[in-house]
Amino acid sequence: MTSTYAVSLESTTSASSESLEVSESQLSLNSRAHLIAVLPEMVEVDYSEGAEILDRAARRKLGISGEEFIRRWDAGEYAVEPEDVKAQEVADLLPFARPARDDAR
């Protein structure tokens, strides 16, 4: 399995960052390198899988189905409270659940 690792390398002149593609068995960093994050592999999802992800997020964060969230979002019900962080977090998943729309907010 290959993962992407974000690494910050110390230098005598300046700090630099780079990403490395390595298998977990090949990972070894010298004492001057600091592992910042292990990034998961990128996985592509189709719109039906994206809709399932949105549905789970809407149920967990708002207590409603994904379909109900989309209906309310499209009706502008969440525009009244733009600081509604939970609704915005679910709305961030809309591009995964349906093709981009020209009239999207």
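Q: Which residues is F96 in contact with, leaving aside its neighbours within four places in sequence?
A: F96 is in contact with V45, D46, Y47, G50 and A51; contact means heavy atoms within 4.5 Å. This is a predicted model, in which local features need pLDDT of at least 70, side-chain atom pairs count only at pLDDT 80 or more, and totals for chains, interfaces and linings use all residues. Residues are numbered from 1 along each chain as its sequence is written, and side-chain values use heavy atoms, with hydrogens and water left out.

Q: How far apart are F96 and A51 in sequence and in space?
A: In sequence they are 45 residues apart, while their C-alpha atoms are 6.9 Å apart. F96 sits in helix α4 (residues 94-97). A helix here is a DSSP run of H or I with at least four residues, a strand is a run of E with at least two, and both are numbered from the N terminus.

Q: Why is F96 called partly exposed?
A: Its relative accessible area is 46%. Buried means under 20%, exposed means over 50%, and partly exposed lies in between (1.4 Å probe, protein chains only). The value for F96 falls in between, so F96 is partly exposed.

Q: Is G50 buried or exposed, and how do you know that?
A: The relative accessible area of G50 is 0%, so it counts as buried. G50 belongs to helix α1 and, apart from neighbours within four places in sequence, is in contact with V45, F96 and A97. G50 and R98 are 48 residues apart along the chain, and 7.8 Å separates their C-alpha atoms.

Q: What makes V43 count as exposed?
A: V43 has 66% relative accessibility and therefore counts as exposed. Its place is in the loop between β3 (33-39) and α1 (47-62).

Q: Which residues make the nonpolar surface patch, and how do V43 and F96 qualify?
A: V43, V45, I53 and F96 make this patch of about 350 Å². Patches take residues with over 30% relative accessible area and no salt bridge; like charges are joined within 9 Å, nonpolar side chains (Val, Leu, Ile, Met, Phe, Trp, Tyr) within 5 Å. V43 is at 66% and F96 at 46%, so both values are over the 30% limit.

Q: What makes K61 and E89 a salt bridge?
A: Their closest N and O atoms are 2.8 Å apart. A salt bridge needs a side-chain nitrogen of Lys or Arg within 4 Å of a carboxyl oxygen of Asp or Glu, so this pair qualifies. The pair links distant parts of the chain, with K61 in helix α1 and E89 in helix α3 (residues 85-91), 28 residues apart. K61, at 28%, is partly exposed, and E89, at 34%, is partly exposed as well.

Q: How do you know that E68 and R72 meet in a salt bridge?
A: The N to O distance is 2.8 Å, so it is within the limit. Both residues lie in helix α2 (residues 66-74), four residues apart, which is about one turn of the helix. E68 is partly exposed at 23%, and R72 is partly exposed at 26%.

Q: Which residues are linked in a network of salt bridges?
A: The network links E68, R71, R72 and E77. R71 pairs with E77, their closest N and O atoms being 3.6 Å apart. R71 is partly exposed at 43%, and so is E77 at 41%. A search of the whole structure finds six salt bridges.

Q: Why are α1 and α2 called roughly perpendicular?
A: Their axes come within 7 Å and cross at roughly 80 degrees. Axes are lines fitted to C-alpha atoms, for helices over the stretch in contact, and angles run from 0 to 180 degrees between N-to-C directions. Under 35 degrees is roughly parallel, over 145 roughly antiparallel, 65 to 115 roughly perpendicular, and the rest oblique. The two helices are therefore roughly perpendicular to each other.

Q: Which residues of α1 and α2 meet?
A: L54, D55, A58 and L62 in α1 meet G66, F69 and I70 in α2. D55 also touches I64 and S65, among others. D55 and F69 are 14 residues apart along the chain, with 8.3 Å between their C-alpha atoms.

Definitions and conventions
Accessible areas come from the Shrake-Rupley method with a 1.4 Å probe; for residues, only the protein chains shown count as cover.
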